[in-house]
Amino acid sequence: MANIKIPTKKFEKHFKLTNEIKHKIPMLGTPLETYNKNEIELEIFPNRPDMLSYQGFIRAFKSFMDKETGLKKYKINKPEKNFEVKIDSSVKDIRPFTACAIVKNLKFDDEKIKEIIDIQEKLHSTVGRNRKKLAIGIYPLEKIKLPIRYTALPPQEIKFQPLEFPREITGQQILSQHPAGRDYGNLLEGKNKFPVFIDANNEILSMPPIINSHNTGKINENTKEIFIECSGFDFDILSKTLNIIVTTLADMGGDIYQMELNYNSGKGNGINSSSIKGGRDGLLRGTIKGKTTTPNLTPEKIKINLDNIENLLGIKLKEAEVKKLLEKMGYNYSNKTVEIPAYRTDILHEVDIIEDIAIAYGYDNFKPTIPDVATIGQEDPKQTFKNKITEILTGLGFLETYSYTLTKKQDQFEKMNKEPKEIIELVDSKTEYNILKQDLLHTSLRTLSENSDSEYPQKIFEIAPIFMKNDLKETGIQEQENLVISISPSNFTEIKQVLNYLGEMLDLKFELKQKDYTQFIQGRVGEIYLNHKMIGLIGEVCPYVQKNWKIKMPTSSLELNLNALFKEVQN
Amino acid sequence: MKEIKHLVMSLSPIERKILPFLELPIDEIMSHSGLDEVSIQRALEYLSNKKIVNLTTKEKEIIDLGENGKKYQKSGLPEKQLLKLLAENPKISLQEAASKASLSDNEFKVALGTLKGKALIELKEGNIILKASQDEITKKTLEETFLESLPRNNKNLQPEEELAIQNLKKRKEIIEIKKVKEKTIEITDLGKQIQSEKLNENLIEQLTTEMLKTGGYIKKQFRRYDIESQVPSISSSAGKSHFINQTAKYGRKIWTDLGFKEMTGSYVQTSFWNFDALFQPQDHPVRDMHDTFFLKIKGKLPNKEIVEAVKKAHETGVDGSKGWRYKWDEEEAKKVVLRTHTTCLSAQTLAKLTPEDLPAKFFALGKNFRNETIDWSHGFEFNQTEGIVIDENVTFRDLLGYLKEFYKKMGFEKVRFSPAYFPYTEPSVEVNVFHPEKKVWLELGGAGIFRPEVTEPLLGKNIKVLAWGQGFDRILTDYYKIKDLREIADNNIKQLREKKFWIK
């Protein structure tokens, strides 16, 4: 989740923050998180990285509010001499693509520099998947000699002074010594070459996706012209992210210039995308061959069927209305064709356009209806059975408990005097609840243990799943619903009476076979059988176990497989 | 008259015993009745409920001896001690008097001042000269007489006693004024009337099986009970289903009443069902260990047809979609997780449907997991209610209609919808309900229409599927006024016994 903060003053140049506007903002799909006289905070959903800046949001919101609707035109200038990036084939297995641009006539100040860095970071953490998928570099053009090469070098041959670092170090050292290297070094793990941008003076500009050079990769208030690159694995997403940045800079007053990307340079025949992990020629669109220029702000076009709008949304719209609604969302429409802004990354299908029509129409203008879809309702039969069991037991004065499905090793094994085996463990759980339950008895005893100051007798039960390994299952795990009952204080007779009553009420015959289990007192424990199948245990809880749990009263319990009971009752 | 009779008949044996002695203080009631104080107090409460006595607790001020007061009770007030010394030495130097009198400097000064003030002595050229008569020496002073009368009430005081108090108050810790609570028993007019009634001694206290057998109750009267008096709670012996299941039962009823069929399924799922089948790209942050519980197990994928269709939806898209355009990895889809939403059950249900099953409506209600720490507002387990409606003819407005109906039945009349984003629905919507008491909008869940990239691989055809997953715990904690989410699963037996039933 990404939020953006906008100075209230800046927003109020366009719209006064009235109650109506406060209501309208979330209706664009940008929830208003907080606001005060200094600042407005908005949530931007992951499908709209183009709104991750003040400029991007205000562009969308003005249009949504019927100011400056339709596809916004941006002037784009052809590449000047040497506005070129040569992509060497050595990057193809490392970080194969880049999309680049130059922006001139910028008037930076502290605030604008902060804004740019902020957009860059937000794009990194969202569409960039923490720089894994995409990383952005911005450089002052006056420090660079064009053209630029994008190539890969052995880490020990890469030497430059990384941003905010006192001296020149090698590519390898950056990973261990520079904070950004430590944070993102894993993205270059196992590569024998690291990607670099190098200018015509053979100066290293940066080592993506880690860090820029301190000398050539740092913008300041005097910077008027910049070089921007996005590097990563999907050319399509790189181009669109570049479009997001350049249009934002254009909205700040900059002039956009294209760059020529030459994917044929170096030895061999350029990049053969079929060999790239994450890209197969012809199959995936996020690849590129030969020469091309970026940024490309030509809108993509998509056909739209007006009937589909009505079918999906349940509202009848005339074509003129559809056109108007689409223009509110920054599109152009003519002749069943929608022109999509080049910075939109989220339009995969006609439905994405239709959702924007719904947003423009206003979610609060839809009148909810209940259709006539004739179907018969039914509770899950096992749920109905569980309700019966609950009814029987609450009739006997039992209190139902509700526990976590996850449990702790100490509770499941140590306190139960049980050997830890067949553990089903979770990866990197943030709490000590890091395994799945093997039985419910220990949870029932935990409840008694935590309630020694409540009035006795305590009669409790719980129905919940337990987990065991089973290779035949799709997940390798079998889940079984169990029933556990505990009475404290009590003895074997009392718990057996409950079992018998349950059997009588369900018309089932349980048999007991004496067998010792360490959780229970020897000779006062047995296996419960139903139809010659072992389905559970019953007994007086072993005093050593009770002591582990600090349970004050003699306790007896039973636990049985509820699935088995259900199966039997259904037959 | 009848009322008096009923009242007499309602007196318990203990109440009868103390009735004649109500004018007396409690310790005397104890000695006359032979009952202990607790029984008497309780009986007095009952008598008070019956308006036979008025029990009032009054705060009154008691004047008692202070620390020094107690000391002087034995040794006499300092001025008296000095006077006695002077009686033996009618003229004595100040120095000598100070050393002979066993008084502290301060006491000596006070004693001198007091005696001088009363003109019983004279100070001349460093000497004290006795002026008091013999009578004045032996006679008790006002203060002495007053001190002997302590402890006593701080009221109805004589003017000279008031003066004594004023004088003594100026001196250190001779007297103190304490506030004490006092229960007074006042017999009401009704009480006096009852006292004069003849008490029938032959009332039946408890009906016994023996009496029923022998007819021992015939022509006898039962003691009447005060049915308004308090009885102890029996909640500690009550059996009850857990409040979360009471609420869930109601949730199920709403859906089945609307014609929905329940879907169930495992907590442990493959990533395929939990994520891939729902068009969540494999590099989506939710598929990270920081957010989702993974097991150290590789699962199996379902039949090839569905796997291929899902793969195609991700890689190149289906039904005119561009897809996510990356290489979909089977191994990633095999990773086993604890389900992060009940929506995985919807995906499995869709995959099983045949054209003959349509139209269809399903719901689920159950637990989900996320890798999260626990505090008052977070937990690693949470409940959700899920619904899908599969029909060619349903629309976005119908989606809003079902959600509005569900929340209306849950007690939220005002529902608001705003745009949202989920990878598997388009359009997507966020549901907010207005809390009528707190006057705030609560964010309760997400909904939408499944994308063609979800429905086509699972149903074989892009048929519209309305879908929602609504948070359930929020509804529950709000109803039961639970402020800390940990309370849901903490199994505090005392609280569970006292917790109200879900009444809807």
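Figure 1. At 8% relative accessibility, Tyr480(B) counts as buried, because buried means under 20% relative accessible area, exposed over 50%, and partly exposed in between, with a 1.4 Å probe and protein chains only. Tyr479(B) is partly exposed, at 25%. This is a predicted model: local features need pLDDT of at least 70, side-chain atom pairs count only at pLDDT 80 or more, and totals for chains, interfaces and linings use all residues. Residues are numbered from 1 along each chain as its sequence is written, chains are lettered from A and ligands numbered from 1 in the order in which they are written, and side-chain values use heavy atoms, leaving out hydrogens and water. Over all chains, the structure holds 43 aromatic pairs. Tyr479(B) and Tyr480(B) form an edge-to-face pair, 5.0 Å centre to centre with 80 degrees between the planes. Rings of Phe, Tyr and Trp (its six-membered ring) pair if their centres lie within 6.5 Å; planes under 30 degrees apart are stacked, over 60 edge-to-face, the rest tilted.

**Figure 2. An aromatic cluster in chain B.**

**Figure 3. Charges over rings.** The charged end of Lys67(A) sits over the ring of Phe15(A), 4.5 Å from its centre. In chain B, the charged end of Lys499(B) sits over the ring of Phe243(B), at 4.8 Å from the ring centre. The test asks for NZ of Lys or CZ of Arg within 6 Å of the ring centre and within 35 degrees of the ring normal.

Figure 4. Thr270(B) lies in strand 8 (residues 268–270) of chain B. Strands (E, at least two residues) and helices (H or I, at least four) are DSSP runs, numbered from the N terminus. Thr270(B) is buried, at 0% relative accessibility. Its contacts, not counting residues up to four places away in sequence, include Glu474(A), Thr475(A), Gly299(B) and Val337(B). Contact means heavy atoms within 4.5 Å.

**Figure 5. The largest nonpolar core.** In soluble globular proteins, nonpolar side chains tend to be buried together. A nonpolar core is a set of buried Ala, Val, Leu, Ile, Met, Phe, Trp, Tyr and Cys residues joined through side-chain atoms within 4.5 Å. The largest has 195 residues, and Phe11(A) and Phe227(A) touch the most other members. Helix 7 (residues 235–251) of chain A gives the most to this core, with nine residues. Apart from this core lies another, of 34 residues, among them Met263(B) and Leu350(B).

**Figure 6. Where chain A meets chain B.** The contact takes 89 residues from chain A and 103 residues from chain B. About 8200 Å² is buried between the chains, and carbon and sulfur atoms give 58% of that area. Leu348(A), Tyr402(A) and Glu474(A) lose the most area in chain A, together 11% of what that side buries. Buried area is the accessible area (1.4 Å probe) that two parts lose on being put together, summed over both.

**Figure 7. Two domains of chain A.** Domain bounds come from an automatic or database domain assignment. Chain A has domain 1 (2–64), domain 2 (76–298), domain 3 (301–364) and domain 4 (381–570). The C-alpha centres of domain 1 and domain 3 of chain A are 22 Å apart. Their contact takes eleven residues from domain 1 of chain A and twelve residues from domain 3 of chain A.
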